[in-house]
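I opened a new structure today and wanted to get my bearings.

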Amino acid sequence: MNFKKLDKMVGGLGSSKSKSRGTPGQLPKANSLGDFNEAEEEGWSIGQMSDRDIMEEFEKMLENMNLSEEKKEPLRMLPISKKRDMLTMNSKTMARNKFDSPADYIQYLSNPELSLAKKYSCIESLRVALTNNSLEWVQDFGNKGLKQVLNVLNECFRNDSKWDRVQLECIKCLKAIMNNKVGLQNLFDHKEALTLMARSISPTVPLVM
């Protein structure tokens, strides 16, 4: 267990108020923070968990951290709001660690069985990767990656407002892809790309505008 990471989680929470969250659609509650897919569901649904559920999941997280009882006790004394935030931070870290190369994202997004929560976690992580990685990384993402982002964006239009946050992250991904000549050309060469981006500029979806 990386205790510096744990100290950062606890220390960072103590210095600021918990940020407000949106109200996404109700999703199945995760059973374990140790499994990535369940962690994604957990990260999406933590905002709807009851205090009792938070306590149960917090204990599971402590077990997964392999902490001694001596180190667990002060963490158990934290307010429920800080436990909720620690669970959120932990699940997001696990989601980011799932992906490394452009191929990882392309393969994951090509799975037609992904839930709304899993798509949101992946697209959010992809947006960070496209923004922070090298030009070579973005270019490796290429046409195949662009196609997957557009597929998800198209799916947003076929669903309700629960998908607005996914749509916003898709637009941010496209913006990052267009931030170089090769990516911009790929986008112009794609038949649906500009149409889908234009459809996203709608007063009915203020979050995206």
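**Entry 1: what kind of model**
I am working with a predicted model here.

**Entry 2: H3 and H4**
I reminded myself that two packed helices are described by the angle between their axes and the distance between the axes. I began with helix H3, residues 51-64, and helix H4, residues 69-76; their axes sit 11 Å apart, at an angle of about 150°. H3 and H4 are therefore roughly antiparallel to each other. I noted their crossing as right-handed. Which residues make the contact? From H3 I wrote down Phe-58, Glu-59, Leu-62 and Glu-63, and from H4 Lys-72, Leu-75 and Arg-76. Sorted by class, that contact between H3 and H4 has four charged residues, three nonpolar ones and no polar ones.

**Entry 3: H7 and H8**
Next I turned to helix H7, residues 116-132, and its partner H8, which spans 135-157. Their axes come within 12 Å and cross at roughly 145°. Is this crossing left-handed or right-handed? I found that H7 passes H8 in a left-handed crossing. On the H7 side I listed Lys-119, Ile-123, Leu-126, Ala-129 and Leu-130. They meet Trp-137, Val-138, Phe-141, Val-149, Val-152 and Glu-155 of H8. By class, I have nine nonpolar residues in this H7 and H8 contact, two charged and no polar.

**Entry 4: H6 and H8**
H8 came up again, this time with helix H6, residues 102-109. The axes of H6 and H8 come within 9 Å and cross at roughly 15°. That angle makes H6 roughly parallel to H8. I put this crossing down as left-handed. H6 brings Pro-102, Tyr-105, Ile-106 and Leu-109 to the contact. H8 brings Trp-137, Asp-140, Phe-141, Lys-144, Gly-145, Gln-148 and Val-152. The tally for H6 with H8 is seven nonpolar, two polar and two charged residues.

**Entry 5: empty space**
For the inside, I kept in mind that rolling a probe the size of a water molecule over the atoms shows where empty space is left. How many cavities of 30 Å³ or more are there? I get one. The largest cavity holds about 60 Å³ of space. I then looked up what lines the largest cavity: Val-138, Gln-139, Phe-141, Gly-142, Ile-177, Asn-180, Val-182, Gly-183 and Asn-186. Which helix gives the largest share? H8 does, with four residues. By class, the lining has five polar and four nonpolar residues, and no charged ones.

**Entry 6: a name that keeps returning**
Looking back, I see Phe-141 of H8 in the contact with H7, in the contact with H6 and in the lining of the largest cavity.

Technical notes. Residues numbered from 1 in each chain as written. Predicted model: local features only at pLDDT ≥ 70, side-chain atom pairs only at ≥ 80, totals over all residues. Heavy atoms only, no water. Axes fitted to C-alpha atoms, helices over the stretch in contact; angles between N-to-C directions. Helix = DSSP H or I, 4+ residues; strand = E, 2+ residues; numbered from the N terminus. Parallel < 35°, antiparallel > 145°, perpendicular 65-115°, else oblique. Left-handed = near helix turned anticlockwise from the far one by under 90°. Contact = heavy atoms within 4.5 Å. Nonpolar A, V, L, I, M, F, W, Y, C, P; charged D, E, K, R; others polar. 1 Å grid on protein atoms, 1.4 Å probe; cavity = no way out; pocket = protein on both sides within 12 Å on 5 of 7 lines; lining within 4 Å. Points joined across faces, edges and corners; volume = space filled by probe spheres on them.
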